[in-house]
Amino acid sequence: MSFSPLRRIFLLTVLVLIQVSAGEEPNGNVEQVQQASDETCTDKAAAQQLLDWLRAGGGVVDGAVLRDTPGKERGLIAATDLEEGATVLSVPANLAITVQRAAATPLGLDLLQAAVDGRVPDEKSLDGLLLATWLLHETEQPESTFLTYLEALPRSISSPFNLTREGIQECVGGLDAEAYILKGQRMLDKEFAFIQSLPASSSIDMSRDRYLWARFMTFSRTFTVSRIRLNMDSTLSGLPDMPKFAANLWSGSKASDEASVIVPIADMLNHGQSINCDWRYSGGNGFTITTKRPVVAGEELLISYGAKQNQLFLAHYGFIDAGASGDQWELPLLISADQAADAARVVLKVDAGSPTPPESLEVLLNACRQQARKELGMTDDAESGAAGGVATAGVEAKALRLLASSLRREMQAYDASDSGLPVCAAYRENSRRLIGTWLVFAERAAALVEGVEPPDDSWLTVPRFLRYARLYFGLWLTGQGGGRLAKSREALQDARVYGKMSFFQAVYSDD
């Protein structure tokens with residue numbers, strides 16, 4: 001029995017996915033996992049072949065090359081110095097992978113009819129399902145005009161969506177992301193069963209592993225554009241029209257004008273916080289990538305995938321964005337040395353995109369001070385605190401240490417195991433560091449009051465998180481009057497330097 005190149009790729013994919021699902025311990029760090037998931041264009045010849053395919057279809061690549069860097073994902077790299085506003089990539093509409101293309105396949109037609117009949121599990125996912133059916137169909141066509149592109153796609157996935165229940169527990173057990181991933185897994189299973197029920201599914205290889213691969217491609221490689229504009233340009237480009245029986249699926253006052261589309265080569269630009277490129281869809285010019293600022297040769301070209309939570313990056317893209325501004329959740333804290341039943345309870349609002357405001361910080365610290373007085377055997381009105389919020393040195397130090405202890409207890413839930421996907425460990429560690437912004441503040445403030453050496457804060461690593469810790473310290477030092485409790489003038493001077501951070505700087509400084 002012989003197999004087409006694409007079928008051989010998918011046989012390899014199945015073997016890799018089975019290994020991950022079975023709980024085999026991956027090796028290497030997060031970046032190596034990401035590289036393994038995108039291990040395709042591993043030499044210059046293959047990368048050049050892909051760019052030649054794009055040019056043959058009317059696309060333009062100017063001043064950029066595809067490159068696999070060891071320990072990193074494949075991406076577009078500036079081949080020469082680029083000026084601001086330079087167009088480095090242009091992909092014509094006729095090379096876009098759209099729902100119209102999917103509708104021209106037997107499985108896509110079955111899916112559209114099911115959508116018209118109201119049988120799709122989630123109407124909001126219709127675009128993604130259609131694009132997945134196209135991938136499932138087209139990867140079995142040895143003469144596909146997209147063969148070069150399809151062979152360049154990642155051969156496996158590193159998303160926890162593909163893990164067993166035990167693997168998910170090991171990855172994100174006890175965290176908010178666990179419920180998110182389990183819910184997504186249930187929906188994927190429901191989708192798979194639905195797609196299997198379509199008549200045309202019997203004519204293609206419809207294994208669960210292949211379906212998960214195709215669906216993961218639609219999660220991680222699609223762009224969102226105007227549906228009206230895309231439909232017009234698809235017609236002008238000679239692409240198939242949507243069947244008439246499905247013409248009203250995306251019409252009506254409640255219908256969204258947003259359409260999902262896969263754009264070859266453009267989908268290989270990686271995400272970054274310090275982006276240097278923008279993308280746009282402009283009709284006749286297709287999809288274009290232009291530089292936002294001057295870029296030097298050798299620098300990776302980066303776009304933004306949006307301000308998403310890391311649980312979404314983890315599940316849908318297979319990576320995490322350290323310091324991503326979308327992360328936010330509520331963290332209950334038990335302020336007590338011995339976790340007594342009558343301990344003070346507060347809810348800390350964790351938000352990577354916006355540090356805790358002064359009034360919320362004051363509420364948190366006052367709860368800690370009240371608990372400190374209780375544990376020191378003081379009455380409510382004794383040692384009630386000086387003007388500005390801080391208590392006397394003994395109460396303040398105790399309050400800050402109580403806060404630090406409660407944070408450390410909660411952070412234990414984010415400790416990663418030695419096994420499992422390294423990207424899961426990275427997710428947990430990023431969450432720990434975000435919580436650690438308050439821990440660093442509390443421990444450095446306590447050190448100032450007690451007259452001891454302040455602890456190191458470099459373990460936070462993310463510049464945004466380091467700025468948040470300094471902001472909280474500065475708010476306590478000046479707004480709360482913590483500076484009055486410093487043991488020495490020299491220590492106070494160093495503390496003022498460390499705490500010199502405005503809210504604007506903390507949020508908007510260039511990392």
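Analyst: Thr461 counts as partly exposed because its relative accessibility is 41%, which falls between the limits for buried (under 20% relative accessible area) and exposed (over 50%), with a 1.4 Å probe and protein chains only. This is a predicted model, in which local features need pLDDT of at least 70 and side-chain atom pairs count only at pLDDT 80 or more, while totals for chains, interfaces and linings use all residues. Residues are numbered from 1 along each chain as its sequence is written, and side-chain values use heavy atoms, leaving out hydrogens and water.

Thr461 sits in the loop between α15 (422-450) and α16 (463-479), where helices (H or I, at least four residues) and strands (E, at least two) are DSSP runs numbered from the N terminus. Although Thr461 is not a glycine, its phi is positive, at about 60 degrees. Ile265, likewise not a glycine, has a positive phi of about 75 degrees, and its place is in the loop between β6 and β7 (270-271). Ile265 is buried, because its relative accessible area is 0%.

A further loop residue, Arg221, lies between α10 and β5 and counts as buried because its relative accessibility is 7%. The side chain of Arg221 makes a polar contact of 3.0 Å with the side chain of Asp267 (N or O atoms within 3.5 Å, one able to donate a hydrogen and the other to accept it; sequence neighbours count only through side-chain atoms on both sides).

Turning to the largest pocket, 35 residues line it, and those closest to its centre are Asp122, Lys124, Ser125, Leu126 and Arg215. A pocket here is an open set of points on a 1 Å grid over the protein atoms alone, where a 1.4 Å probe fits, with protein on both sides within 12 Å along at least five of seven lines, and lining residues have an atom within 4 Å of a point. At least two lining residues come from each of α6 (126-138), α9 (176-197), α10 (208-220), β5 (222-226), β6 (258-262) and α12 (310-317), and α9 gives the largest share, seven residues.

As for confidence, the protein chain averages a pLDDT (the predictor's confidence in each residue, from 0 to 100) of 85, with 86% of the residues scoring at least 70.
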